[in-house]
Amino acid sequence: RGAIVNMSSVSGLFGDPDHPAYGASKHGVSGLTKGAALEYARAGIRVNAVCPAAIRTPMIERTLQAQPELSWESLAMGHPLGRIGEPEEVAEAVLWLCSDAASFVTGHLLVLDGGLVAQ
């Protein structure tokens with residue numbers, strides 16, 4: 001028995017014309033998650049992924065430095081909740097997916113996006 005949580009992205013759920021290679025890699029992670037969930041379910045191994053949108057991380061900081069027309073505020077405004085996610089929020093989702101509270105969850109892509117994909 002066990003739990004695997006892959007790191008995908010909302011970019012793995014829709015097309016991203018500005019970062020096609022990144023989006024393609026995250027689509028791959030999403031597909032791998034679902035396939036592995038089916039392959040290992042009978043062994044009691046659950047496989048899920050988290051799909052965050054903008055999270056306050058060094059990767060986003062580098063993006064902002066490379067694209068000066070963007071800012072933390074402009075990224076926040078793109079999310080219906082009006083803010084950027086925090087790393088601790090992603091960690092909490094991963095911990096939940098690994099816990100017994102999520103024992104019937106497998107093959108799921110857990111979206112952590114402040115409502116971005118719902119738009």
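**Entry 1: G114**

I began with G114, which is partly exposed, its relative accessible area being 22%. That figure sits not far along the scale, and I noted that buried means under 20% relative accessible area. I kept in mind that this is a predicted model. G114 belongs to the segment after β3 (109-112). I then looked up what G114 touches and, leaving aside its neighbours within four places in sequence, I found it in contact with H79, P80 and L81. I also checked G114 against D18, which is 96 residues apart from it along the chain, and the C-alpha atoms of the two are separated by 21 Å.

**Entry 2: the sheet**

In what order do the strands of the open sheet stand? I read the order as β1-β2-β3, three strands with parallel pairing. Since β1 and β3 stand at the edges and each has a single partner strand, one side of each is left without a neighbour in the sheet. Ignoring direction, I noted that neighbouring strands of this sheet are turned against each other by 25° on average.

I went on to the pairing of β1 (residues 2-7) with β2, where six bridges join the two parallel strands.

Helix α1 lies across β1, β2 and β3, and runs at about 160° to β2. Helix α4 also lies across β1, β2 and β3, with an angle of about 165° to β2.

**Entry 3: salt bridges**

How many salt bridges does the count come to? I found two. I reminded myself that side chains of opposite charge can pair when their charged atoms come close.

One of them joins the side chains of E86 and R56, at 3.2 Å from N to O. E86 lies in the loop between α3 (72-77) and α4 (87-98), while R56 lies in the loop between β2 (45-52) and α2 (58-66), so the pair ties together parts that are 30 residues apart in sequence. I looked up the accessibility of both partners: E86 is partly exposed at 26% relative accessible area, and R56 is partly exposed at 35%.

R83 forms a salt bridge with E89, and here the closest N and O atoms are 2.6 Å apart. R83 counts as partly exposed, with 38% relative accessibility, and E89 is partly exposed too, with a relative accessible area of 35%.

How values were computed. Residues numbered from 1 in each chain as written. Predicted model: local features only at pLDDT ≥ 70, side-chain atom pairs only at ≥ 80, totals over all residues. Heavy atoms only, no water. Salt bridge = Lys/Arg side-chain N within 4 Å of Asp/Glu carboxyl O. Helix = DSSP H or I, 4+ residues; strand = E, 2+ residues; numbered from the N terminus. Buried < 20%, exposed > 50% of the residue type's maximum accessible area, 1.4 Å probe, protein only. Pairing = 2+ DSSP bridges. Contact = heavy atoms within 4.5 Å. Axes fitted to C-alpha atoms, helices over the stretch in contact; angles between N-to-C directions.
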